[in-house]
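Subject: Structure handover

Hello,

Please find the structure below, for your files. My notes on it follow.

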Amino acid sequence: MNAPSRTGLVYHDRFLDHDTGVGHQERADRLRAVTARLRSSGLWQRLQHLLIDQAEEEQILRVHSSEHLRYVREAVRGGSWILDEGDTHASKESYEVAMLAAGGVIAGVDAVMGGILRNVFCAVRPPGHHAEQNKVMGFCLFNNIAVGARYAQAAYGVKKVAIVDWDVHHGNGTQEIFYHDKSVLFISLHQFPLWPGTGTREERGAGEGLEYTVNVPLPPESGEEAYVDAFRRDVLPNLDAFRPELIMISAGFDAHRDDPLAQMRLTESSYGVLTGMMTQAAETYCQGRIVSVLEGGYNLEALAGSVEAHLEMLLKA
Ligand SMILES: [Zn+2]
């Protein structure tokens, strides 16, 4: 009999209860497509399924202001369906579901930092990387990956966390949260120009955090070769200089060639290639520790296949 795998999955049916309304791209069907694919491919049985709880307010407040937390809670409970600039929708369950998404990443950090598992993929929603300290934005209520990074620092004394964000959109929220901070290296690869319009090479952090924000804007139609080059030129050397104790991935899959929100050319197998580069780096610097967190990805087939390729490679690590 094979030894149990050391790759974990964070998923909960409750994530389906964040209802963004008819026709919205960031919809519950995204996770239904992912879990159906994991079941049909047999990956579901090979993964360790983590038990998760809602994040505690204190854990959210390491990243967001108390005004932000209160705004999300009261807006949602008060029946406000459209938050902020109009593209971030919510339903009456959304506060609890968002707290559970952040809590899912915390459970992933616990499993990896506690040495129970080698790596974990968190199939959560709502996504997080556009949410700033004080701002709901771009389908994101709380910045799940930032909450996880701060938790790793607070609970496990991790000094250096690297966050690699390969979602096709710039991770403006994560950048804003850690812009002045040298304990979190933030590297974003994204299509440029594209919404939200930030993420130029000139944005490099500030104060103590100068050089700990690395933006890699890529032109539309960039494919696997451009991404692999960017990893070799920008991602890996920065990881090497930083020597992270934990690597986190803002894993959006919307740079896939079939994604409706962007114009990049990655395929399912490209995500396996990029994941392999990350598992190698994690092996070199931090005993293989990776916590990967779902962000975007809006073509259901492309998303499901790309998550499958990502997890296949995490399982091989
Ligand atoms: Zn995205």
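Pro 193 sits in the loop between β7 and β8, and its peptide bond with Phe 192 is cis, with omega about 0°. Pro 196 is in the loop between β7 and β8 as well; the bond joining Trp 195 to Pro 196 is cis, with omega about 10°. Element names follow DSSP runs, numbered from the N terminus: helices are H or I with at least four residues, strands are E with at least two.

The model is predicted, so local features need pLDDT of at least 70 and side-chain atom pairs count only at pLDDT 80 or more, while totals for chains, interfaces and linings use all residues. Residues are numbered from 1 along each chain as its sequence is written, and side-chain values use heavy atoms, with hydrogens and water left out.

Sheet

The open sheet has 8 strands in the order β2-β1-β5-β10-β9-β6-β7-β8, with parallel pairing; two strands pair if DSSP finds at least two bridges between them. The edges are β2 (48-49) and β8 (213-218), each with a single partner strand, so one side of each has no neighbour in the sheet. β7 (residues 184-191) pairs with β8 in the parallel sense over 6 bridges. Phe 186 has Thr 213 of β8 as its bridge partner.

Helix α6 (residues 144-156) packs on this sheet and touches β6 (161-165), β7, β9 (246-251) and β10 (290-294). The direction of α6 makes about 170° with that of β9. Helix α8 lies across β6, β7, β8 and β9, and runs at about 175° to β7. For these values, contact means heavy atoms within 4.5 Å; axes are lines fitted to C-alpha atoms, for helices over the stretch in contact, and angles run from 0 to 180 degrees between N-to-C directions.

Helix pairs

α8 (residues 224-242) packs with α9 (residues 268-286) at an angle of about 15°, the axes being 11 Å apart. That makes α8 roughly parallel to α9 (angles under 35 degrees count as roughly parallel, over 145 as roughly antiparallel, 65 to 115 as roughly perpendicular and the rest as oblique). The crossing of this pair is right-handed; a crossing is right-handed if the near helix is turned clockwise from the far one by less than a right angle, and left-handed if anticlockwise. Residues in the contact include Tyr 227, Phe 231 and Leu 236 of α8 and Val 273, Met 277 and Tyr 285 of α9. The contact residues divide into 11 nonpolar, 2 polar and 3 charged (Ala, Val, Leu, Ile, Met, Phe, Trp, Tyr, Cys and Pro count as nonpolar, Asp, Glu, Lys and Arg as charged, and the others, Gly among them, as polar).

α9 also packs with α10 (residues 300-316), at about 30° and with the axes 8 Å apart. α9 is thus roughly parallel to α10, and passes α10 in a right-handed crossing. Among the residues in contact are Gly 272 and Gly 276 of α9, with Gly 305 and Ala 309 of α10. The residues of this contact comprise 5 nonpolar, 7 polar and 2 charged.

Backbone

Phe 139 has phi near 75°, a positive value in a residue other than glycine. Phe 139 lies in the loop between β5 (119-122) and α6 and is buried, with a relative accessible area of 14% (buried means under 20%, exposed over 50%, partly exposed in between, with a 1.4 Å probe and protein chains only). Glu 221, not a glycine either, has a positive phi of about 75°; Glu 221 is in the loop between β8 and α8.

Regards
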